[in-house]
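Okay, thanks for having me, everyone.

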Amino acid sequence: MGVNKGAFITFEGIEGSGKSTQIKLLASYLKKEISKKIFLTREPGGTVISEKIRSLVINHLNQKSNPLTELFLLFAARAEHFDLIKQKLKEGYIVLCDRYLDSTLAYQHYTGSIPLKYINYLQLLIDKNQKPNLTILLDLHPNVGKKRIIRRNKKLDRFDRESVEKMNLIRKAFLKIYKLNKNRIILVSNNLSKKEVQNNIRTIVLKYLNK
Ligand code: TYD
């Protein structure tokens, strides 16, 4: 298959929705079948500095932190990271990013305290296009997500410890964002086997890349 254009594809969803597993499976499939030029990355993170900021956001901020501190750290990480993404896109890479702007909208605006106009303004400073080319929203009931998080057995961070009620609000926020951006976001249910979900994602991404 002759794919040689760059594309910026993001993956979104609640904790435990299976994003990280599915994005890794997709990256190795695309590398093998389509192009070696696949760049797998994540937010917050993706560069040395942005990964340090990620650790601050995830491990050091807490419920008492000023929401603006979190917002500025997330955008500081994104400013660094987006330079790298832009470079990769210019070189013809397909960039697969685990979380991006829709997470900021879901967590900091819809279920947080930050007005939309501030997020839009900061985003505009970083990326004039504002939006990824394609977004896969992995949807899962929070009860199932919570069980998966607990089963993972890794040290839980403050986001992993969110209640099912809060996760449900975040899920609803993502679904609202989906409804407002149906031209860009594709909803994929993660209520199937890992393989079936991966096949659905592959079909969607290949269709987009071959357009
Ligand atoms: P994630 O990488 O999914 O964590 P994990 O390694 O546990 O799967 O996400 C890190 C957390 O960062 C996630 O809970 C949501 C949060 N986040 C925001 O609040 N706003 C943002 O803009 C981004 C990108 C992430």
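**Around the ligand**

Let's start with Arg 54: a polar atom in its side chain lies 3.0 Å from an oxygen atom of the ligand. Before I go further, keep in mind that this is a predicted model. Next is Arg 99, where a side-chain N or O atom comes to 2.9 Å from a ligand oxygen. And then there's Asp 160, with an N or O atom of its side chain 3.4 Å from an oxygen atom of the ligand.

So how much of the ligand's accessible area does the protein cover? On its own the ligand has 560 Å², and the protein covers 94% of that. As for where the ligand sits, that's the largest pocket.

Which elements give two or more residues to the shell around it? Those are helix 2, residues 48-60, helix 3, residues 67-90, and helix 4, residues 101-110. Helix 4 gives the most, with four residues.

In total, 18 residues surround the ligand. The closest are Glu 15, Arg 99, Thr 104, Gln 108 and Phe 159.

You'll find Arg 99 in the loop between strand 3, residues 94-98, and helix 4.

The peptide bond going from Glu 43 to Pro 44 is cis, and omega is near -10°. Pro 44 is in a loop as well, the one between strand 2, residues 38-42, and helix 2.

**Aromatic pairs**

Last topic. How many aromatic pairs does the structure hold? Four. Let me show you one of them, Phe 8 with Phe 82: the ring centres are 6.1 Å apart and the planes are at 55°, so this pair is tilted. Phe 8 lies in strand 1, residues 7-12, while Phe 82 is in helix 3, so the pair ties together parts that are 74 residues apart in sequence. And helix 3, remember, is one of the elements in the ligand's shell.

That's me done, thanks.

Key
Residues numbered from 1 in each chain as written. Predicted model: local features only at pLDDT ≥ 70, side-chain atom pairs only at ≥ 80, totals over all residues. Heavy atoms only, no water. Near = heavy atom within 4 Å. Polar contact = N/O pair within 3.5 Å; in protein donor to acceptor, adjacent residues only side chain to side chain. Areas by Shrake-Rupley, 256 points an atom, 1.4 Å probe, with all protein chains shown as cover. 1 Å grid on protein atoms, 1.4 Å probe; cavity = no way out; pocket = protein on both sides within 12 Å on 5 of 7 lines; lining within 4 Å. Sits in = over half its atoms within 2 Å of the grid points. Phe/Tyr/Trp six-rings, centres within 6.5 Å; stacked < 30°, edge-to-face > 60°.
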